[in-house]
Amino acid sequence: MLLVLAVIQVFFFFILTSPTDAEAAQRSSPFSLAWHWLVGATRDDAGKVLVQHAHLTVAQALETAGMKASPEGWQLLRAMVEGGKGSLTLSQVHALVLSDASSLPLPAQQVLLDQVSDGNGMNPALHNYWIAIHPPMLYLGFVGLTIPFAYAVGSLLAGEVGESWLRPIRLWTMASWGFLTVGIALGGLWAYEILGWGGYWAWDPVENASFIPWLTGTAFIHSVIVTERRGMLRVWAFALVIITYCMTVIGTFLVRSGIINSVHAFGATGDVDVWFYGFLGVVLVGSLLVLAWRLPLLAPDRKLDSPFSREFSFLLNNLVLLAIALATLVITFWPWITKQLYGESGSEELGADVFVMINTPLFLLLLLLMGIGPALAWRDNSGRQMLRTFAAPAAVGVVVGAVNLWRLSSAGLLIETGGGDAIANSAAVVRLAVQVTLWPICAFTLVCIAMEFLAGARARARSTKEGLLRAMAGVTLANRRRYGGYIVHLGVLLVALGIYYSSFYESEGTVVAPPGGFAVLQDRLSSRRMLVLYESSSRSDGWDMVQQSFRRDPQTAQLYERLLQLVRANPDKDAGGILQLAVGDAMAELPPPVAARLAAAASWAVGQRDNKRVYEEFSTRLVVVPYEAPADLDPAPYLKAHSAAQAHLASPPAGRQDAASAGRVLARMLLLPAVDEGAGFRPALDASMAEYAATADSDFASWSGLASLMPDLSAAQIRAAREALEGAMAAFEADFGALALEGVKLGAELPEVNRGVRDQAAALPAAQFAELFGLEGDSAAQASRRFEALQRLEKFHAALEAETARKRGSLVRALVSRLPDAEAEKSLHALRPLSLAGLVAAREGTAPGKQAWIDAETAEIRRDALELTPRLRLFYDKRTGAPRMNEAVKDPFIHRTLSTDVYFILQDTTGDGTATLRFFLKPQMALGLAGLGVLMLGTLLAFLPTMRRRSAA
């Protein structure tokens, strides 16, 4: 056994450190000094070697066409020539860099020192407590399963294949299985909380890498019970422990090799896959050969007496677990299999629906066996015994199933089938089967387990005269392994129900809103509605500079990164000195706006020199309150105002040449780009109007585009055009303001009414749609512009909802100024809870008496509210000082209840505070988390040895 462990340890040390793989060595090094290329080669796209580096001198390398090196590499080579060491070979330079850098010329040493770093820093997605525990748990699970494997191989080699080898590995097996369970669960929690997709399991290859050995390990644990109790399934026990260990090797291979795409694999690591193939082949083939050699010694002590026995149920349980593991393994490797068969172009990846279609029915059967197996007697069960055992559980299952089906049907929650391709439809059928059968199966199994506890408690109570509850606790503690297994089964039932509800009835969506905006969320399962108010936002001091300069404009980001490099290389220079190094005498020739921006950039870069912040942060404050739609809502005035305001965006009728039509055309020129900004409509329109106001009459024709249509406009015509534009804009502002006021009256129902307007517009006949939206041309041209018009209508509604929030805030402030007027108080009460943002803004600078009223009003709004603070963080790179824009952390807020998980993440922001928030509602996910706790409690109980009462001597 020790020899097996030693070989495994040496192999994994070799794989993890990868001494022949420079990329892996660099990842493992705390210093990012990637100089392996000095003794490497330059290859073409086909992998053919063009230039061997090692024997070239430094001077030759600088002159060799086609040789590839990083910018830092070329700096080192030039520094070597500058220091008089151009005659050294690249192999000699490589040796000096790694072993005796102090003997290099001073310019080369300076290059190395400039590039010394303690790494890029941790990926922000890993800044989560679950991911800090998840890998060690999986590692303990994988490594722990080595011990049962070593015992199994050692026993086979020694010929000691009785039950004696199982006793010492019991603790190792259960501990490893427990660690693996915890690791998988924590990985799911990490994915749910940090990745932003709102899910905890995606059948990703790396997820499956840990799940497959968990399945085979579970089968092994069940086989051991039969082997110890009945002397049967010995071959199963040995085969399963070998397969389980090999699955841990395959799982490690999946993560390390990169042969299958995964969202969190490490990627290809050189020729490590060859070593894995070899090691896996030796372990699997060698172990199975030893098993085949000892097969005559593994004959069972007893034969399987009946298919209606506990032994057979355990065997069936193992077959189901292995079927799930095999299906998961094949589907996971399917892209690689098809690639080997049909080439790169023939590689095919099967989606999550295939996993659902195959594995879900097997899981349902597994849940059923969890109830049937423990309730059956060993050897055989008569029909009368089975009727007596399963009549009550079956009756409860039927009743629960009928109630569940009625509830789903009456609530309209049953999944529809018949749509999509064959795989999608099959998966839908399977999901429908889960909806119908999961609850009756869980009820059946739950009653079976409860009856086992009750039977044991009654037997103990009869012999000890204890109360039923005390007897149940006593029999559980006295038979910890057996009843710990039952508790594990209870945990699995809860996990299954939590997964079912949180995945089948989740609600998700996106909210784009400025402070004061809102969204209405609905729990599909309970039909409860919630109103989410975007109350306020805050940001760290450097957020705006980082967000605007690095994220929005790649060219500006490169400029700032260049300035940061100059600051780090010249720690003694101020902003003026850095600017001089960057542009030199060309500064005087730059346009004033560009020069001002450069000066601001240099000042910011110098300010970063002493910046101790790890990240910049934008934080939102959300308030979630229960919501019911008003019963007396009348959208007719809003729809009338909507038609008047939306008409300003349509083209005027063809053939009209009056001033009003000209003004409308010019107004559309300003309005349409602003509308395309959606929630950012008002800032965009204000900017366009400011630009218009700054345009002189002499420039107006070219600015507006009239010069291309009417090249000889007189001053009077220009003034008339401007007057027409201003009149059209005033008319739009009046109609748009009236529409926003009607939107305020609709309250939280505004988005739903707008959605109905879009649905009605999309259903209009072509001619009516063209007339409404001012579409011209033939039917083909109108059809091509119809989609654009519908998109613009959606953006118009986003702009309108933002304007409504602004109008509501102004209205709240105006009403607050009238306090303590009774009518003002009544109007403010009517605006609840959407008045919250306006009340918070109005509180600043008001009289103490009004502040007290506002505090009381906001407290009333928040009385049953849930407050959330999703954040977005942009981390700084430790080497360059630049923000790592591609590694932002979306810091979610999750409010967990027994009924619903409310989960928000902040995905993006704009300069005016408009936020893009992604939300998920996961009903009963807390039930699954509670199930994990129960499952681990049962595992811990099963760890402990059995304690039986000893008879008196």
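1. Basis. Residues are counted from 1 along each chain as its sequence is written, and side-chain values use heavy atoms, leaving out hydrogens and water. Because this is a predicted model, local features need pLDDT of at least 70 and side-chain atom pairs count only at pLDDT 80 or more, while totals for chains, interfaces and linings use all residues.

2. Confidence. The average pLDDT (the predictor's confidence in each residue, from 0 to 100) is 84 for the protein, and 91% of the residues score at least 70. Two stretches should be read with this score in mind. Over residues 19-33 pLDDT stays under 50, and the model has 22 contacts (heavy atoms within 4.5 Å) beyond four places in sequence for them. Residues 947-953 also stay under 50, with six contacts beyond four places in sequence.

3. The largest core. A nonpolar core is a set of buried Ala, Val, Leu, Ile, Met, Phe, Trp, Tyr and Cys residues joined through side-chain atoms within 4.5 Å. Buried means under 20% relative accessible area, exposed over 50%, and partly exposed in between (1.4 Å probe, protein chains only). The largest such core has 60 residues, and Trp165, Phe220 and Phe238 have the most contacts inside it. Helix H11 (residues 234-257) gives the most to this core, 13 residues; helices (H or I, at least four residues) and strands (E, at least two) are DSSP runs, numbered from the N terminus. Beyond its neighbours within four places in sequence, Phe238 touches Ala152, Ser155, Leu156, Val161, Trp165, Leu291 and Leu298.

4. The second core. A separate core of 41 residues includes Ala645, Tyr692, Phe736 and Phe769. In soluble globular proteins, nonpolar side chains tend to be buried together.

5. Salt bridges. The structure holds 34 of them, a salt bridge being a side-chain nitrogen of Lys or Arg within 4 Å of a carboxyl oxygen of Asp or Glu. One joins Arg528 and Asp523, at 3.8 Å from N to O. Arg528 is partly exposed at 36% relative accessibility, whereas Asp523 is buried at 2%.

6. Glu733 and Arg682 form a salt bridge with their closest N and O atoms 3.0 Å apart. This pair links distant parts of the chain, 51 residues apart: Glu733 lies in helix H28 (residues 715-746) and Arg682 in helix H25 (residues 681-693). Glu733 is partly exposed, at 31%, and Arg682 is buried, at 14%. Asp697 and Arg722 meet in another salt bridge, 2.7 Å from N to O. Here Asp697 in helix H26 (residues 697-704) is linked to Arg722 in helix H28, 25 residues apart. Asp697 is partly exposed at 38%, and Arg722 is buried at 10%. Salt bridges that share partners also join Arg682, Asp686, Glu733, Glu803 and Arg806 into one network.

7. Helix H35. This helix (residues 925-943) has 19 residues and reaches 28 Å from first C-alpha to last, close to the expected 27 Å; the expected span is 1.5 Å times one less than the number of residues. Its buried residues include Met925, Gly931, Leu935 and Leu941. Among the elements covering the buried residues of H35 are helix H9 (166-195), helix H18 (480-504) and strand E11 (900-909).

8. Pro135. This proline is found in helix H7 (residues 129-144) and is partly exposed, at 38%. Pro135 and Gly187 are 52 residues apart in sequence and 8.1 Å apart in space, C-alpha to C-alpha.
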